[in-house]
Amino acid sequence: MFSNIEKLGGRTISVIEELGRLGHFLLTVVTSLFSRPFGWKELVKQIAFIGARSMPIILLSGLFTGMVLALQFYDVLARFGSVDLMGSAVGLSLIQELGPVMTALMVIARVGSSTCAEIAIMRNEQQFDALTCMAISPYRYVMVPRFLAAVISIPLLTAIFNVIGIIGGYIVGVFIKDLSGVAYMQTIIDTITWSDLRMSIVKSLIFAVIVIWIAMGKGFYVHLEKGVSGAEAVGRVTTKAVVASAITMLFADYIASSFLI
Amino acid sequence: MSDNQTQSKTAQEPSKDQVLIQVNQLDSAYGERKILKGIELSVKQGEILVIMGGSGSGKSTLLKNMLGLMQPTRGEIIIDKMNINTVDKQQMLKLRRTMGVAFQGGALLSSMSVGDNIKLPLRQHTDLDESTISIMTRLKLELMNLAGFEDLMPSELSGGMLKRAGLARAVIMDPKILFFDEPSAGLDPVTSVELDQLILELRKAMNMTIIVVTHELESAFTIADRIAVLYDGEIVKTGTVEEIKACDDERVANLINRKPREVQIDGEKYLSRLTEGAE
Amino acid sequence: MSFECSDHLNYKVLHLTGEVDLSNSSKVRRCLLDILDNGQSVIVDFSDLTYIDSSGMATLVEGLNAANKKKLTLAIANANGAPLQVLELTRLNQVFNLIASVEDIKE
């Protein structure tokens with residue numbers, strides 16, 4: 001019986017140690033934002049990877065999400081005789097909630113996993129040690145470009161998701177459910193306010209930080225994973241990073257929503 | 001301004017005996033696990049010191065400490081008159097620029113070509129013209145027999161080539177001190193001998209102080225001015241190649257003579273280990 | 001490190017004193033390329049040069065290349081000590097025209 005308590009205590013200590021490490025990691029990344037020289041080339045490369053190349057998946061998922069939303073809302077709104085409100089229903093759901101959350105999930109799947117693996121492999125191959133010994137800060141050179149690229153790209157991707165989702169809803173509403181396209185767009189313009197848009201932006205910024213921070217942080221400390229090494233360790237931290245960033249993001253979503261709605 | 005502050009790199013007779021690196025009473029541990037105990041080491045300017053030891057002797061930990069990649073639990077490391085664990089960040093960065101490190105496996109950045117990897121320290125720390133940087137890089141590649149490999153990516157290189165590329169990067173700024181982690185591991189004998197010769201030439205031409213961590217006896221005897229033998233986290237003997245060969249300490253002799261450690265068998269205990277759990 | 005230029009016959013003599021390294025090789029580079037741009041061949045005098053690093057060597061290689069392109073010549077006079085060892089290590093002693101002293105230059 002006592003061995004179980006011991007195990008629990010051990011696990012708790014590990015978790016707290018890890019939170020401490022990740023916290024210190026984030027702090028160091030943020031303070032390194034102002035270090036010179038600034039890697040513009042690397043930043044552009046990362047924006048291309050995180051932002052530009054995520055476009056196809058965002059466009060597709062945004063479109064389908066919007067379309068499904070329209071179908072769902074049509075069903076519900078029809079029972080209240082309010083189908084003409086569909087535009088704002090779809091729009092509000094996307095802008096307040098699904099845009100930021102779905103975009104973050106898509107980015108976690110694509111960027112979170114690969115960035116975590118990349119950083120973990122760099123750690124295993126002593127590339128960070130090499131940078132440190134060359135008097136080049138790994139934080140400034142490797143982490144900062146990825147961090148900034150995420151913070152710039154993810155809100156933009158969210159906005160694109162929202163727009164394409166609204167278009168998806170339009171397609172379903174107008175061409176499948178025979179609603180008035182003008183009415184659809186009008187309800188959107190009428191009901192959606194700046195505070196809704198602000199919520200979208202704030203959430204996407206918070207999610208961006210969560211996604212990139214956890215992906216890089218877990219990869220960076222892969223050598224401290226107990227019981228595994230090499231390729232197996234890379235696989236393990238990548239899985240953990242994806243799960244942890246998804247759950248943290250959803251939790252942050254709840255907190256943000258309770259403050260902003 | 002910088003001209004006056006640059007230390008003279010020419011070998012004047014008195015400075016040949018000048019101690020460049022001093023390790024005092026070093027203890028090091030990973031959490032509870034103690035790895036190094038009471039390490040005492042000094043490296044003179046222009047000398048080649050080989051740190052030898054079997055697996056688990058603490059070689060990598062000692063190297064990490066000397067490179068400032070981990071903090072010791074006790075003791076100090078003094079490089080070029082600076083205590084690397086107490087000196088301020090700016091001073092440490094300045095010191096690092098005079099040190100080159102060749103890691104096992106090369107440790108090249110996978111996202112850049114071999115050439116860009118080697119040019120990295122020059123581009124980050126100097127104002128040299130791109131044309132100068134390009135020629136410097138090619139000079140080093142030629143030296144390492146990697147001519148023409150500039151535009152390849154690290155993933156396209158063999159293990160031996162990666163090592164040599166890593167060495168090229170380590171010496172691109174003509175450092176005062178070169179650290180080499182397991183140069184011969186994974187190399188064929190011919191390349192290994194060539195690498196040994198290169199290390200000797202680098203010291204001769206550039207008056208480099210070189211610290212090599214290895215377990216390859218032949219290389220060690222070829223290149224070392226002095227050898228420090230590490231066993232179980234302690235230095236059991238430091239001396240010239242002759243002194244090490246003549247040493248009658250069992251641990252040193254076994255390493256030199258490549259004798260496997262004797263496993264003492266207690267018959268009864270052995271039998272019970274083999275049959276534990278069986279009915 | 002200091003350097004001064006003088007003339008010998010129709011050559012410019014670039015006399016290097018002290019140590020050429022990362023901190024000053026770009027100055028040498030500027031001077032060397034300027035001389036060549038003016039259409040004069042160069043003799044680099046190593047008599048008082050105590051040390052030269054790879055950046056200095058790369059500068060001389062660049063100079064040699066520029067000289068060849070302009071059908072001029074670049075020679076190194078009185079290479080000795082550490083600089084000579086660097087020339088040997090980099091095998092550049094087989095590339096440069098090495099002469100014992102400035103006066104030994106062939107017309």
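A:Gln126 counts as buried because 21 C-beta neighbours sit inside 10 Å; a residue is called buried if 20 or more other C-beta atoms lie within 10 Å of its own, exposed if 12 or fewer, and partly exposed in between, with C-beta atoms placed from the backbone. A:Gln126 is found in the loop between helix 4 (86-124) and helix 5 (127-133) of chain A. Helices (H or I, at least four residues) and strands (E, at least two) are DSSP runs, numbered from the N terminus.

This is a predicted model, in which local features need pLDDT of at least 70, side-chain atom pairs count only at pLDDT 80 or more, and totals for chains, interfaces and linings use all residues. Residues are numbered from 1 along each chain as its sequence is written, while chains are lettered from A and ligands numbered from 1 in the order in which they are written.

**Backbone angles to look up**

- Most residues other than glycine have a negative phi, and most peptide bonds are trans.
- A:Gln126 has a positive phi, near 65°, although this residue is not glycine.
- C:Leu9 also has a positive phi, near 55°, and lies in the loop between strand 1 and strand 2 (11-20) of chain C.
- C:Leu9 counts as exposed, because it has 11 C-beta neighbours inside 10 Å.
- A cis peptide bond, with omega near -5°, runs from A:Arg36 to A:Pro37.
- You will find A:Pro37 in the loop between helix 1 (2-32) and helix 2 (40-50) of chain A.

**A buried methionine in chain A**

- A:Met216 belongs to helix 8 (residues 194-220) of chain A, and this residue is buried, with 27 other C-beta atoms within 10 Å.
- Which residues does A:Met216 contact, leaving aside its neighbours within four places in sequence? They are A:Thr115, A:Ile119, A:Met143 and A:Arg146, where two residues are in contact if their C-beta atoms, placed from the backbone, lie within 7 Å.
- The C-alpha atoms of A:Met216 and A:Thr12 are separated by 22 Å, and the two residues are 204 residues apart along the chain.

**Helix 7 of chain B**

- Helix 7 (residues 189-206) of chain B has 18 residues and should span 26 Å at 1.5 Å a residue, which agrees with the 26 Å between its end C-alpha atoms. The expected span is 1.5 Å times one less than the number of residues.
- The buried residues in helix 7 of chain B are B:Leu195, B:Asp196, B:Ile199, B:Leu202 and B:Met206.
- Seen down the axis of helix 7 of chain B, the buried residues fall within an arc of 135°, so they line one face of the helix. The arc is that of the directions from the helix axis to the C-beta atoms.
- An α-helix has 3.6 residues a turn, so residues three or four places apart point the same way.
- On the other side of helix 7 of chain B, the exposed residues are B:Pro189, B:Val190 and B:Gln197.
- Several elements of chain B cover the buried residues of helix 7, including strand 3 (48-53), helix 6 (159-171) and strand 8 (209-214).
- Just after helix 7 of chain B comes B:Asn207, with a positive phi of about 50°.

**The make-up of chain C**

- Chain C has three helices and five strands, in the order β-β-α-β-α-β-α-β along the sequence.
- Of the 107 residues of chain C, 42% count as buried.
- The C-alpha trace of chain C spans about 30 × 25 × 25 Å along its principal axes.
- Among contacts in chain C between residues at least 6 apart in sequence, 69% join residues at least 24 apart.

**How the chains meet**

- Two pairs of chains are in contact, and chains B and C share the most contacts.
- From chain C, 23 residues are in contact with 21 residues of chain B. The largest share of this side of chain C, seven residues, comes from helix 2 of chain C.
- Chain A and chain C have no contact, and their closest C-alpha atoms lie 16 Å apart.

**Confidence**

- Chain C has a mean pLDDT of 91, and 99% of its residues reach 70 or more; pLDDT is the predictor's confidence in each residue, from 0 to 100.
- The model scores ipTM 0.92 and pTM 0.89.
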